[in-house]
Amino acid sequence: MLQASKQWQWIACADKNRLLLDLNDDMQLCTPYKLRLLTDSVFKNPYFSVEDAAFYEQVYNYLVGFNVWSPAKICQISLNATAVKYHLKPVLAKSWFFKEYTGSDPSVEAIVKLTSKAQSGDFLIVEHCPDASICLNLSEDFKLDENLSLTQFEVIRILNNRVHPILNQQYQSQTA
């Protein structure tokens with residue numbers, strides 16, 4: 001695991017029109033989040049905060065338990081989730097793209113399955129509210145319909161009745 005550091009800084013890069021995280025002299029993470037989507041907090045206090053570090057480590061440690069992703073990919077997912085949680089403006093719900101979940105098993109994991117008209121894919125719930133959740137796309141490209149898609153790590157807010165539980169056994173069997 002890449003250990004969080006007080007030297008890490010969020011950078012609002014005008015050249016790339018993206019939020020970057022400067023990890024050290026040789027390494028930066030370029031998030032997919034455009035500057036217009038960011039809250040003012042990233043401009044006022046660009047340092048990786050204690051809250052950022054705690055959430056990053058919580059997500060990282062949670063994802064390790066699935067035995068699906070490499071440590072580098074888990075780090076990338078966790079850092080993007082941290083950017084979403086603390087530095088992205090609220091997004092509107094777009095639940096109409098997803099099929100309603102009609103099963104009886106409640107979702108107890110932060111990794112969930114969402115099903116659009118075009119496909120099913122795995123998402124990470126970054127923030128859960130009583131009615132809706134902000135979800136981070138974990139697929140390379142997730143088609144919402146025939147015209148629209150989400151790139152990897154793009155976020156969408158959906159009503160919780162669209163969240164399909166995912167079974168840990170599915171992931172365990174895929175890696176065995």
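# Reading strands, pockets and contacts

Student: Which residue in β3 is the bridge partner of L21?

Tutor: The bridge partner of L21 is L29, in β3. This is a predicted model, where local features need pLDDT of at least 70, side-chain atom pairs count only at pLDDT 80 or more, and totals for chains, interfaces and linings use all residues. Residues are numbered from 1 along each chain as its sequence is written, and side-chain values use heavy atoms, leaving out hydrogens and water.

Student: How many bridges join β2 to β3?

Tutor: Here is the general idea: strands of a sheet pair through backbone hydrogen bonds, either parallel or antiparallel. Two strands count as paired if DSSP finds at least two bridges between them. Strands (E, at least two residues) and helices (H or I, at least four residues) are DSSP runs, numbered from the N terminus. In this structure β2, residues 18-24, is joined to β3 by four bridges, and the two run antiparallel.

Student: What joins β1 to β2?

Tutor: Five bridges do, and these strands also run antiparallel. For instance, A12 has L19 of β2 as its bridge partner. The hairpin of β1 and β2 has four residues between the strands, and N17 in that hairpin takes a positive phi near 55°.

Student: What is the order of the three strands in this open sheet?

Tutor: The order is β1-β2-β3, with antiparallel pairing. β1 (9-13) and β3 (27-30) are at the edges with a single partner strand each, so one side of each has no neighbour in the sheet. From one strand to the next, the twist averages 30°. For angles like this, axes are lines fitted to C-alpha atoms (for helices over the stretch in contact), and angles run from 0 to 180 degrees between N-to-C directions.

Student: Which strands make up the open sheet of four?

Tutor: Its order is β4-β5-β6-β9, again with antiparallel pairing. β4 and β9 are the edge strands, each pairing on one side only. On average, neighbouring strands of this sheet are turned by 45° against each other, direction ignored. Helix α3, residues 71-87, packs on the sheet and touches β5, β6 (132-137) and β9, with a direction about 50° from that of β5. Within the sheet, five bridges join β4 to β5, and T115 stands opposite S120 in β5.

Student: Where is S116 found?

Tutor: Look in the loop between β4 (111-115) and β5 (120-128). S116 counts as buried because its relative accessibility is 2%. The S116 side chain reaches the backbone nitrogen of A118 at 3.1 Å. Leaving out residues up to four places away in sequence, S116 touches F97, F98, K99, F142, K143 and L144.

Student: What does T39 touch?

Tutor: T39 is in the loop between β3 and α1 (41-44). Not counting residues up to four places away in sequence, T39 touches Y86, H87, L88 and K89. T39 and H87 are 48 residues apart along the chain, yet their C-alpha atoms are separated by 5.3 Å. The side chains of T39 and S41 make a polar contact at 2.9 Å. With 22% relative accessibility, T39 counts as partly exposed.

Student: How many residues line the largest pocket?

Tutor: On a 1 Å grid over the protein atoms alone, a pocket is an open set of points where a 1.4 Å probe fits, with protein on both sides within 12 Å along at least five of seven lines; lining residues have an atom within 4 Å of a point. The largest pocket is lined by 22 residues, and L37, K94, L150, E154 and V155 lie nearest its centre. β8 (149-151) and β9 (155-159) are the elements giving two or more residues to that lining. The volume is about 540 Å³, taken as the space filled by probe spheres set on the points, with grid points joined across faces, edges and corners.

Note on methods. Buried < 20%, exposed > 50% of the residue type's maximum accessible area, 1.4 Å probe, protein only. Contact = heavy atoms within 4.5 Å. Polar contact = N/O pair within 3.5 Å; in protein donor to acceptor, adjacent residues only side chain to side chain.
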